[in-house]
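I am opening my notebook on this entry. Below I keep what I looked up, topic by topic.

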Amino acid sequence: MSSDGMNSGGMKWRIGYIAFNTFREAVRDRVLYNLIAFALLLSGAAILVSQVSIDIERLVVVNLGLTAVSLFGVVIAIFIGIGLVSKEIDKRTLYTVLSRPVRRWEFVVGKFLGLTGTLVVNTLFMSFGVFLALLYVAHRFERMDGWVLVALYFIVLQFLIVCALALFFSSFSTPLMSAVFTFALFVVGSLAEDLRGFARIARGATGAVATAAAYLVPNFSALNVIGQVAHGDAIPARLILYNTAYALLYSAMAISGAVLIFQRRNLK
Amino acid sequence: MAAIEILDLEKSYRVGFWRSRIKPALRPLRLTIEAGEIFGFLGPNGAGKTTTLKLLMGLVFPTSGTARILGMEIDDPRVKSQIGFLPEQPYFYDYLSARELLNYYGQLSGVPAKGRAARVEQMLGRVGLSDAAGMQLRKFSKGMLQRVGLTQAILHEPKVVFLDEPMSGLDPMGRREVRDLIQQLRSEGKTVFFSTHILSDAEALCDRVGIIHQGELRGVGSVAELTSETQGKVEIIFYAERVPAGLTSLGAEARVSGEVVNAVLPEEQQDAALEVLRRERLRLISLAPVRSSLEEYYIQKLKPAESMTAEKPKEDNRKGAVV
Ligand SMILES: Nc1ncnc2c1ncn2[C@@H]1O[C@H](COP(=O)(O)OP(=O)(O)O)[C@@H](O)[C@H]1O
Ligand SMILES: [Mg+2]
């Protein structure tokens, strides 16, 4: 008997190894190069804005910076997420991994954590850039800049859900369709509050469908507080707690779905 | 103890646009491989060799039947730390170096962190990849990749090793290296189950072979027995420019090539034939009984597909009887 065959301690490590390898792949595939584009965009905007006006500099930098952080990350989450497992099936790298003492769910969870880890690192770099830009236009930090951190945290929560969804869709459909589905859900989910508003006033069958849809799609709009923090508004602690629980639950469900499907799959 | 027990493992795929047609990839297969055995799984392309290995590795799920490895059901997670697997035409994370890849597989296999690096270096040396250890795998040749693949399969010192076509696509040197490695595994007492369609490799390495064709096990036999079976004939080779008349009258089938004659004749005529050579003062090169070869066995098992399925012998083959 090999010492730590399949015990739970071994499991934790295996998930970690898989996550680290996923992170390493992203780095070597030069995913972090997106930071260069981000830096160029942000510094260009900061320089431009600081020459035009004095009142809305902060507003523009926060709005533009955070929106860019979110969009760059979502694009990375979708494009890596859809290939996370399906690429390993296509290239058959999974054959040898699954012939090791690795359970299928451990593999899926490890891949997911690897990608979210990559996005967290990426977001850390970008956040640093946003604060540099803020400093450049405002020459000092204010108390309300702290809320920008909360907005960034919410953006990371969005990435969690997007990664999980990409993984879920790619467990049963083609990479292209998975990308389309995930992106569509991101767009619809960003309008979730509007959809809920509509569901409240709609009647009959339309109302029922709208209500179901409004609560089923991931509520990305609640995770988007860019507008508020740009204006310097505070974020209630309750929302932070609620959003954290919501994002964790939603992505856990999507991952569980992906695992359930993947568990039964015959690898071609 | 049996290392591998395959108990009526069966796999069919649904194919066609509506997935309505059922294509049997492996008919119920019953086969036992003893511990320490080198077993060759022979069959042409599409015979069902890879399907069998994928079933055993849990990569695809059987339509029916089960299998046990080292006494444990194949879906028992503990099995995996005791086995190694080299897939057909393996592909690995090409952004990793050979060293990183092996370290990763060592981690996944539960090789203790202490001594893991040393073990990786030792294995890299054993397959002659020490110099290329730091190079990314995307720069590796096919032969080098195959060696990396073999190494990941045996890094954690498994008891049972599964290799899917380990020699195909390799040059003669590469094939030789793989052969040597399998020989080494034999001397370490490991059980090796490998598929191939190269008969000479099987003949050189295997204790037993199984012949599979169209998803069906056609026969299982011990290589030593198969190749020691004589056919009641002897082959005499000697120096001469033409076939002596005396030999032909003994019922010899002879062939002249240059100054060497090669004659095959019934065993009981052996003394008479030697007498002819002595009389004619011809120099003998060799005399040996004619043995059957694995090739003949293979061809014989593949050919009578129709006549065999109609008759009873099929039942015997299913049970894996020695034929
Ligand atoms: N995923 C699959 N879907 C449909 N048919 C398959 C699939 N995999 C294998 N087969 C069929 O099963 C048969 C056996 O294939 P395989 O086990 O790969 O043969 P071998 O390894 O002996 O060359 C072939 O006829 C092949 O076409
Ligand atoms: Mg094959």
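**Shell around ligand 1**

I took helices (H or I, at least four residues) and strands (E, at least two) as DSSP runs, numbered from the N terminus.

Ground rules next. This is a predicted model, in which local features need pLDDT of at least 70 and side-chain atom pairs count only at pLDDT 80 or more, while totals for chains, interfaces and linings use all residues. Residues are numbered from 1 along each chain as its sequence is written, chains are lettered from A and ligands numbered from 1 in the order in which they are written, and side-chain values use heavy atoms, with hydrogens and water left out.

I then listed the residues around ligand 1.

Which backbone atoms approach an oxygen atom of ligand 1? I found a backbone N or O atom of B:Gly46 at 2.6 Å from such an oxygen. For B:Lys49 the distance is 2.8 Å. For B:Gly48 it is 2.9 Å. My cut-off for a polar contact was a pair of N or O atoms within 3.5 Å.

How much of ligand 1 does the protein cover? The protein covers 71% of the 560 Å² of accessible area that ligand 1 has on its own. Accessible areas come from the Shrake-Rupley method with a 1.4 Å probe.

I also checked the pockets. Ligand 1 sits in the second largest pocket. A pocket here is an open set of points on a 1 Å grid over the protein atoms alone, where a 1.4 Å probe fits, with protein on both sides within 12 Å along at least five of seven lines. A molecule sits in a pocket if more than half of its atoms lie within 2 Å of its grid points.

**Magnesium site**

Which residues coordinate the magnesium ion (ligand 2)? I found B:Thr50 through OG1 and B:Glu88 through OE, at 2.0 to 2.6 Å. B:Thr50 lies in helix H1 (residues 49-56) of chain B and B:Glu88 in the loop between strand S6 (83-86) and helix H2 (98-108), so the pair ties together parts that are 38 residues apart in sequence. Donors are N, O and S atoms within 2.8 Å of the metal (3.2 Å for Na, K and Ca); water is not among the atoms, so sites may look incomplete.

Buried means under 20% relative accessible area, exposed over 50%, and partly exposed in between, with a 1.4 Å probe and protein chains only.

I noted twelve helices and 14 strands in chain B. Its C-alpha trace spans about 75 × 50 × 40 Å along the principal axes. Of its 323 residues, 50% count as buried.

B:Pro90 lies in the loop between S6 and H2 of chain B, and is buried at 11%. Its C-alpha is 9.6 Å from that of B:Leu150, 60 residues away along the chain. B:Thr151 is in helix H4 (residues 142-154) of chain B, and is buried at 0%. B:Lys190 is in the loop between helix H5 (172-187) and strand S8 (191-196) of chain B, and is buried at 11%.

**Positive phi in chain A**

A:Arg30 has phi near 65°, a positive value in a residue other than glycine. A:Arg30 is in the loop between helix H1 (8-28) and helix H2 (34-52) of chain A. A:Arg92 has a positive phi of about 65°. A:Arg92 is in the loop between helix H4 (86-90) and helix H5 (93-98) of chain A, and is partly exposed at 23%.

Notes: A polar contact is a pair of N or O atoms within 3.5 Å; within protein, one must be able to donate a hydrogen and the other to accept it, and residues adjacent in sequence count only if both atoms are side-chain atoms. On a 1 Å grid over the protein atoms alone, a cavity is a set of points where a 1.4 Å probe fits but cannot get out, and a pocket is an open set with protein on both sides within 12 Å along at least five of seven lines; lining residues have an atom within 4 Å of a point.
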